[in-house]
Amino acid sequence: MYRNLSLLGLLIAILTSMTVHCTASAEELYRDDHVLVHYSGVDADQVKAIGNILTATRRIAADRFGFDMPETITVTIDCGPGNKVRLFTDGQDRLNLSLQSSEQLRPPAQSGIFNLYGLCHEVGHMAMYRAITQHGWLNTAGAEGWAHYIGSEIVDGVYDTLGESAWCYPYDYKQDGTARLDSQLAKPDPSEIVRAAGMWRELAVILGKEKMASLFKAWGEAEIDPTDPGAKLRSILLDVQNDEQVSDWWNRAEPLMIQAQPRSGFEPRTAKPTELMRKPVDLALDDGKATDKRSIAGGGHAVTFEAPGPGWYVTQVRIFGSRYGHPRPPAEDFSVWLCDEQGQVIREFKFPYSSFKRGNPQWVMLRTEPTEVPVKFTICAGFNPTGTKGVFVYHDAEADGGESRTGLPGQLGDPMSQGDWLIRVAIDQRDDADALRQ
């Protein structure tokens, strides 16, 4: 395979094969002390400018705000006709930029795209998500508002550090920083994201910018009840600074930025395995033929089942999938939720990431404490994936009944059209439900 490659070409090929986000078209490589860029369709000067700016953003997030930033930020730039224009991060140490033409790197007044601000914005997401890996309690306004606030601050910092000529097409990009946020906040009816950005800035002023990282770290290390996250989050915040200013901020921020997973009104009973009939019934809505796979950042995989009647207990969930990313599984758990038909949480079960193996997909059996289910119930699995760790869940070719969806508890999407998830459950009844033995 590598017979005619030069040493540099061999290095690029090996790095490409090891990197999830590096596509086959990313043929060139740029590196400095803390940034690695795989790129195609853009020139070396453009890439160097992006690399210099990311080096500065990393330093600003670490030095001015105290965030734990990755040693190396890995970037993939794919520029070519037909691409979707998009910039996103895996929340840990990777950025992906997709463009249709290198002309789209021109200043926003010409291209309509805020590339430099966008890089700062995504580094802001990275700073938060590295500290708060489980952030399902933060709604879109809260997450995007934070990235908008700190991204605006970082734009100013880049300008102070590198000057006006930092971008490959020099322009006064400082106007894309806090000056733009100020003008957005001054409008009569700012969006929820802009309002949330203003709220985050207000908290940074109250606490001091350097305390935001320690607050996020404390939130990230805490056990947050997703059905009632506010109480714990508020308590941790007041541990950092307990005064009227902080309490007033929380009272205004919580309804804008925090979301709770709705709890079902169904109150389940549990049973010991020895109390069951040990005659499980398997519920499967797929045809068993995997045709494609998905890993869903910010979402999950859900299937709604129907039990034969009341009084049944889920004892096992089976998922056909495979883990991707580093050979060693991450030292964290993923969640499987038992929900009612509407996707409201009845109970959450945790399982180690090591339950799934890398390589070929296989059925993974996840045993649960026997827990009573309503007649119609939903099983939802969430892996909090990134570009370097996650689980591919497979689906078949046809969506027969609309029982499969994407999303997380309380946020289920529309029925899938691509097919049914290969997710199955086993249910059983209590031994005392056997009429012949009563």
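Strand 9 (residues 312–325) pairs with strand 12 (residues 362–373) in the antiparallel sense over nine bridges. Helices (H or I, at least four residues) and strands (E, at least two) are DSSP runs numbered from the N terminus, and two strands count as paired if DSSP finds at least two bridges between them. The model is predicted: local features need pLDDT of at least 70, side-chain atom pairs count only at pLDDT 80 or more, and totals for chains, interfaces and linings use all residues. Residues are numbered from 1 along each chain as its sequence is written, and side-chain values use heavy atoms, with hydrogens and water left out.

Strand 9 also runs antiparallel to strand 16 (residues 423–429), to which seven bridges join it, and to strand 14 (residues 389–395), with five bridges. Within these pairings, Trp312 has Val373 of strand 12 as its bridge partner, Val317 has Val425 of strand 16, and Arg323 stands opposite Val391 of strand 14. Because 14 of its 14 residues are buried, strand 9 is largely enclosed by the rest of the structure. Here buried means under 20% relative accessible area, exposed over 50%, and partly exposed in between (1.4 Å probe, protein chains only).

Strand 8 (residues 301–306) is likewise largely enclosed, because five of its six residues are buried.

| Strand pair | Sense | Bridges |
|---|---|---|
| Strand 9 and strand 12 | antiparallel | nine |
| Strand 9 and strand 16 | antiparallel | seven |
| Strand 9 and strand 14 | antiparallel | five |
| Strand 8 and strand 13 | antiparallel | six |
| Strand 8 and strand 15 | antiparallel | three |

In strand 13 (residues 376–382), Phe377 stands opposite Phe305 and Lys376 stands opposite Glu306. In strand 15 (residues 404–406), Arg405 is the bridge partner of Ala302.

Trp219 touches Ile132, Trp137, Trp200, Ile224, Leu233, Ile236, Leu237 and Trp250, residues up to four places away in sequence not being counted; contact means heavy atoms within 4.5 Å.

Helix 5 (residues 140–162) packs against helix 6 (residues 178–185) at an angle of about 140 degrees, with the axes 8 Å apart. Helix 5 is therefore oblique to helix 6. The contact involves His148, Tyr149, Ser152, Glu153 and Asp156 of helix 5, and Thr178, Arg180, Leu181 and Gln184 of helix 6. Axes are lines fitted to C-alpha atoms, for helices over the stretch in contact, and angles run from 0 to 180 degrees between N-to-C directions. Angles under 35 degrees count as roughly parallel, over 145 as roughly antiparallel, 65 to 115 as roughly perpendicular and the rest as oblique.

With a disulfide defined as a pair of cysteine sulfur atoms within 2.5 Å, the count is zero. The sulfur of Cys120 is too far for a bond, because the closest cysteine sulfur, in Cys168, is 13 Å away. Cys339 is in no disulfide either, the nearest cysteine sulfur, that of Cys380, being 5.8 Å away. Cys120 is buried, with a relative accessible area of 0%, and Cys339 also counts as buried, at 1%.
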